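Please look over the sequence and the structure below before reading on.

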Amino acid sequence: MARVLHNLLIFLISLALKIRVLGYWSLIYGYCALCAIVALLKLWWNIVLRPTTTFQWVIRETPPACLNDTSLGTHCYVRIKESGLRFHYVAAGERGKPLMLFLHGFPEFWFSWRYQLREFKSEFRVVAIDMRGYGESDLPLSTESYRFEYLVTDVKDIVEYLGYNRCCLVGHDWGGTIAWLFAIHYPEMVTKLIVLNCPHPSVFTDYALRHPSQLLKSSHYFFFQLPRFPELMLSINDFKALKALFTSRSTGIGRKGRWLTAEDLEAYLYALSQPGALTGALNYYRNVFSSLPLSHNHVRSPVLLLWGERDAFLEQEMAEACRLYIRNHFRLNIISGASHWLQQDQPDIVNTLIWTFLKEGEGRKSYRN
């Protein structure tokens, strides 16, 4: 009798797990279908309003002058033997000084760190990379090439290629996710971790499943699972959606800080209009649901988390929850009026807070700005 009950219990647990997994993927695919329907309606409306221009876009042939600004650093390339991929990065500051490595988010590239490259090169060897699939770095076509473990290994390989075994790691948005993961898996290689507007991956997973409002703000995660269609929607009307992402009142840069100049915007359009560029960027999203939740999630490095108060994509409540996974000094700054792109629209405040964190002793409590 006891054996029968034991087998029944195992069966029920297994069944419950299968039902949970089925419900998880049903939610994902159901939301994908809903987002696809909404996008199709937007496409139809665009065709009605702009029948001659909807399917017109221009591949920018020449980079704007700001991408060759020598004050930002030197353009360099490295081919990693293990992956075979070539990475582009911009570096400044004296070789041999402590390494500060910058990881950008979606849909950006090294240029998003222009204010920080100028600021921190006096005391650091500053390096802003184009992550795989972005800018002048190689763009693997396979979705599988963008799994978390490959993205984290890229960071390790680049740090070692640069001649270091440790770095101060700075990440924003998707670059923040990779920075969290790198600090989890290679704690001995991170002296300090600085993350901008990106929650710890475990916080995001738990919070989004319990808060429909965040699930709605994260609807692009589901839409981007579709093949090819998201690339089309981001390209129509000469990349109108991308322009709006950086400049609109609801999501754009500079609502209370520095505006994105016309030349800055052209820099983004130059990078993202190249063949395959949008697919490389979107492939980061196309692996996310199979990579979460994490099996390891504790961070042992000192952490600074900067959060733009007016982030249109991520709810602020997730910021404080990150403390649960940090086994070291944790400092949180909520920056009033800052958008999701806070290192660009509030660079002076961001840079000051980073300097404070880099120079302060351990054990101080987090505070709000």
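## Basis of the report

This is a predicted model, in which local features need pLDDT of at least 70 and side-chain atom pairs count only at pLDDT 80 or more, while totals for chains, interfaces and linings use all residues. Residues are numbered from 1 along each chain as its sequence is written, and side-chain values use heavy atoms, with hydrogens and water left out.

## Salt bridges across the sequence

A search of the whole structure finds 16 salt bridges, each being a side-chain nitrogen of Lys or Arg within 4 Å of a carboxyl oxygen of Asp or Glu. In one of them, Glu 266 pairs with Arg 60 at 3.3 Å, N to O. Helices (H or I, at least four residues) and strands (E, at least two) are DSSP runs, numbered from the N terminus.

Arg 60 is buried, at 11% relative accessible area, whereas Glu 266 is partly exposed, at 31%; buried means under 20%, exposed over 50%, and partly exposed in between (1.4 Å probe, protein chains only).

Asp 206 and Arg 210 form a salt bridge, with their closest N and O atoms 2.9 Å apart. Both residues lie in helix 5 (residues 201-210), four residues apart, about one turn of the helix, and Asp 206 is partly exposed, with a relative accessible area of 40%.
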